[in-house]
Amino acid sequence: MRLLYQTHSPFARKALVFALEAGLGERIEVVHHETSPTLRNEQVYAQNPLGKVPVLLRAGLAPIFDSDVICAYLDTLHDGPSLIPARGEARWHALRLQAVAQGLADCGIKVRWETVRRPEALRYEALREGYTQKLLESYDWLERELDIDAPLHVGHIAVATALSWLEFRELPDFRAGRPRLSAWQDAFERRASMRATPLSGQTHD
């Protein structure tokens, strides 16, 4: 399999960290691709009509995207404990955490558009503040709701890679006043899967 990837994408990193945690790293070739809404990448568009990474390419089969679907697919390929709980409240909690993490990354991207990426004359302060509030509310929710003692699951991976990216991009801080979340994140950053997938590079528009 080949993973179309970007070294500064929280979504791509989530898929790769999931693959490593599932013991599938040796089966995946990682290929970096630069993409953004203003920089068309024809190779990525050929596999994903949204023009976004990650995309998982499989020999003789249709490509799979986005990160949530890639993780669900990868969870069917290994013999270890499932990283996406199959049933009950554990499943819905893990998927809910994944959804919050997806929202964190999406909001962080939107905050960046309104601070550094959009031409200054076109930036909308009220929109930036609105998305910043969503980040802060989500951080508080995670401080209360993150199941830090549960077995590893997709929600943990999604949250850790999103928070790591938010810190990498120097977006609104999640640590102040949230010791439980901060300690958990620090411990997760020490996992081999995270150390093997460091964030790097800048977005090209």
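**Exercise 1. How much space lies in the largest pocket, and which residues are closest to its centre?**

Step 1. About 520 Å³ of space lies in the largest pocket. Here a pocket is an open set of points on a 1 Å grid over the protein atoms alone, with protein on both sides within 12 Å along at least five of seven lines, whereas a cavity is a set of points where a 1.4 Å probe fits but cannot get out; lining residues have an atom within 4 Å of a point. Grid points are joined across faces, edges and corners, and a volume is the space filled by probe spheres set on the points.

Step 2. The pocket is lined by 22 residues, and Phe11, Pro37, Lys52, Ile109 and Arg117 are the closest to its centre.

Step 3. Helix 4 gives the largest share of this lining, 6 residues. Helices (H or I, at least four residues) and strands (E, at least two) are DSSP runs, numbered from the N terminus.

A word on the model before we go on: it is predicted, so local features need pLDDT of at least 70 and side-chain atom pairs count only at pLDDT 80 or more, while totals for chains, interfaces and linings use all residues. Residues are numbered from 1 along each chain as its sequence is written, and side-chain values use heavy atoms, with hydrogens and water left out.

**Exercise 2. Which residues line the largest cavity, and what is its volume?**

Step 1. The count comes to 1 cavity of 30 Å³ or more, and the largest cavity has a volume of about 60 Å³.

Step 2. Its lining consists of Pro10, Phe11, Lys14, Gln98, Ala101, Gln102, Ala105, Ala158, Thr161 and Ala162.

Step 3. Sort the lining by element: helix 1, helix 4 and helix 6 each supply at least two residues, with the largest share, 4 residues, coming from helix 4.

**Exercise 3. Is Ser67 buried or exposed, and what is it in contact with?**

Step 1. Find Ser67 in helix 3.

Step 2. Ser67 counts as buried because its relative accessibility is 1%; buried means under 20% relative accessible area, exposed over 50%, and partly exposed in between (1.4 Å probe, protein chains only).

Step 3. Leaving aside neighbours within four places in sequence, Ser67 is in contact (heavy atoms within 4.5 Å) with Phe11, Lys14, Pro54 and Gln102.

**Exercise 4. In which sense does strand 1 pair with strand 2, and in which with strand 3?**

Step 1. Two strands pair if DSSP finds at least two bridges between them. Strand 1 and strand 2 (residues 29-32) pair in the parallel sense over 4 bridges, and Leu4 stands opposite Val31.

Step 2. With strand 3 (residues 55-58), strand 1 pairs in the antiparallel sense over 3 bridges. Here Leu3 stands opposite Leu56, and Arg2 has Leu57 as its bridge partner.

Step 3. Follow strand 3 onward: strand 3 and strand 4 form a hairpin with 2 residues between them, and Gly60 in the turn has a positive phi of about 75°.
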